[in-house]
Each structure stands twice: as structure tokens, then as C-alpha cells.
Amino acid sequence: DLEDLRDRVIANLQDRKIVFPALSENSVLCADELYPSHLVSLLDKPFLGVLLAQGSVYSHTALIAKAVGIPMIVQLGRAFEAGADMTVNWQEGWVA
């Protein structure tokens, strides 16, 4: 969370806008990690859920996702390829 705050302050001081990906209705947001402010900025986008290579089920991001009903799987420990097909079981927490 402190890294998120640092990045947002630096972006504001440099008059830079933090850009988020365009998400379609059937997309899954895949990333190494996701800051809480980034997730909140995406709440109005129609996506299926979040897959993170890192993260924790106890992180603020995971708590926010759970509170608003966004499925999220963390600590997958792998990189994701843009546009790759994958099978996700949100209930059991696995990706193939």
C-alpha cells in the first residue's frame, strides 16, 4: 500500500496520469500484483475476475475484491501472456 501511495504521489508531482488497461466483458485481469487503488479504479469495468502471480488473500486488494464480489486468485507464481486462452475455476482457485 505504501508503494501504491508513493507511485500515485510521484505521478501527481510529474503531472502524469496512471493508465489502466481497457477491459472487455469476458476478460480476466492478469498481473504480477495489483494495488488497491488500481482495483477501485476498475470497479466500473465489466471483467470476469483477477488473477495475480503474487499477492495475498489478506491484502487490501483481495479484501476489496471480496467485498464487491470480484473473483480473485492470488499467488499463482507465474507470468501471464496477453491474449492467452486459459481455464479458470474461481470456486476451487485454479488456472489451467
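## Salt bridges

A salt bridge is counted here where a side-chain nitrogen of Lys or Arg lies within 4 Å of a carboxyl oxygen of Asp or Glu. The model is a predicted one, in which local features need pLDDT of at least 70 and side-chain atom pairs count only at pLDDT 80 or more, while totals for chains, interfaces and linings use all residues. Residues are numbered from 1 along each chain as its sequence is written, and side-chain values use heavy atoms, with hydrogens and water left out.

The structure holds 2 salt bridges. In one of them the side chains of R6 and D7 meet at 2.9 Å, N to O; in the other, D44 pairs with K45, their closest N and O atoms being 3.9 Å apart. Accessibility is classed as buried under 20% relative accessible area, exposed over 50% and partly exposed in between (1.4 Å probe, protein chains only). On that scale R6, at 44%, is partly exposed, as is D7 at 26%, whereas D44 is exposed at 62% and K45 is partly exposed at 34%.

Helices are DSSP runs of H or I with at least four residues, numbered from the N terminus, and α1 covers residues 2–13. The expected span of a helix is 1.5 Å times one less than its number of residues; for the 12 residues of α1 this gives 16 Å, in agreement with the 16 Å between its end C-alpha atoms. After α1 comes D15, which has a positive phi near 55 degrees.

L2, L5, V9 and L13 make a nonpolar surface patch of about 460 Å². Such patches take residues with over 30% relative accessible area and no salt bridge, nonpolar side chains (Val, Leu, Ile, Met, Phe, Trp, Tyr) being joined within 5 Å and like charges within 9 Å, with areas from the Shrake-Rupley method and a 1.4 Å probe, only the protein chains shown counting as cover for residues. L13, a member of the patch, is exposed at 71% relative accessible area.

## The nonpolar core

A nonpolar core is a set of buried Ala, Val, Leu, Ile, Met, Phe, Trp, Tyr and Cys residues joined through side-chain atoms within 4.5 Å. The largest one has 11 residues, among them L23, L39, L52, A65, I70 and V74.

A65 sits in helix α3, residues 60–68, and is buried at 1% relative accessible area. Contact means heavy atoms within 4.5 Å; leaving out residues up to four places away in sequence, A65 touches L39, I70 and M72. A65 and L23 are 42 residues apart in sequence and 16 Å apart in space, C-alpha to C-alpha. V74, with neighbours within four places in sequence set aside, is in contact with L52, Q54, G55, S56 and V57.

Technical notes:
Helices (H or I, at least four residues) and strands (E, at least two) are DSSP runs, numbered from the N terminus.
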